[in-house]
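Here's a quick tour for anyone meeting this structure for the first time. Take a look at it, then read on.

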Amino acid sequence: VGSLGRSIQSRFRDDIKRCKQKLEALRGAKEMDKVEEFNRERELLTKLLLQEEAFWKQQSKVGLKVGI
């Protein structure tokens, strides 16, 4: 993984960590606005995890092509 790959990997890791922390803070909230925010964060986390998975699939294909 080149420097761009490490930068993207770090961004994914940081964004996912932040999202999980926010979800933990919102967990158990009863106010409707907090419940909605929790749901938005959960959707964001799902999106980030899918993007990270796609990134790693792409990296593995590139690695196979160049024989890494």
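## A buried glutamate

E37 is buried, with a relative accessible area of 19% (buried means under 20% relative accessible area, exposed over 50%, and partly exposed in between, using a 1.4 Å probe and protein chains only). You'll find E37 in helix α2, which covers residues 32-66; helices here are DSSP runs of H or I with at least four residues, numbered from the N terminus. Setting aside residues up to four places away in sequence, E37 touches K22 and L26, where a contact means heavy atoms within 4.5 Å.

A word on the ground rules: this is a predicted model, where local features need pLDDT of at least 70 and side-chain atom pairs count only at pLDDT 80 or more, while totals for chains, interfaces and linings use all residues. Residues are numbered from 1 along each chain as its sequence is written, and side-chain values use heavy atoms, with hydrogens and water left out.

## K22 and its two partners

So what does K22 do with E37? K22 forms a salt bridge with E37, and the closest N and O atoms are 3.2 Å apart. (A salt bridge is a side-chain nitrogen of Lys or Arg within 4 Å of a carboxyl oxygen of Asp or Glu.) Because K22 sits in helix α1 and E37 in helix α2, this pair ties together parts that are 15 residues apart in sequence.

K22 is partly exposed, at a relative accessible area of 36%. K22 also forms a salt bridge with E41, with 3.7 Å between the closest N and O atoms. E41 is buried, with a relative accessible area of 12%.

## Charges along α1

The structure holds six salt bridges in total. One of them joins the side chains of R18 and D15, at 2.6 Å from N to O. Both R18 and D15 lie in helix α1, three residues apart, or about one turn of the helix. R11, D15 and R18 are linked in a network of salt bridges.

## The nonpolar core

Which residues make up the largest nonpolar core? There are seven: I16, C19, L23, L26, F38, L45 and L48. Such a core is a set of buried Ala, Val, Leu, Ile, Met, Phe, Trp, Tyr and Cys residues joined through side-chain atoms within 4.5 Å. Helices α1 (3-26) and α2 each supply at least two residues of this core, and the largest share, four residues, comes from α1.

Leaving out neighbours within four places in sequence, L45 is in contact with I16, C19, K20 and L23.
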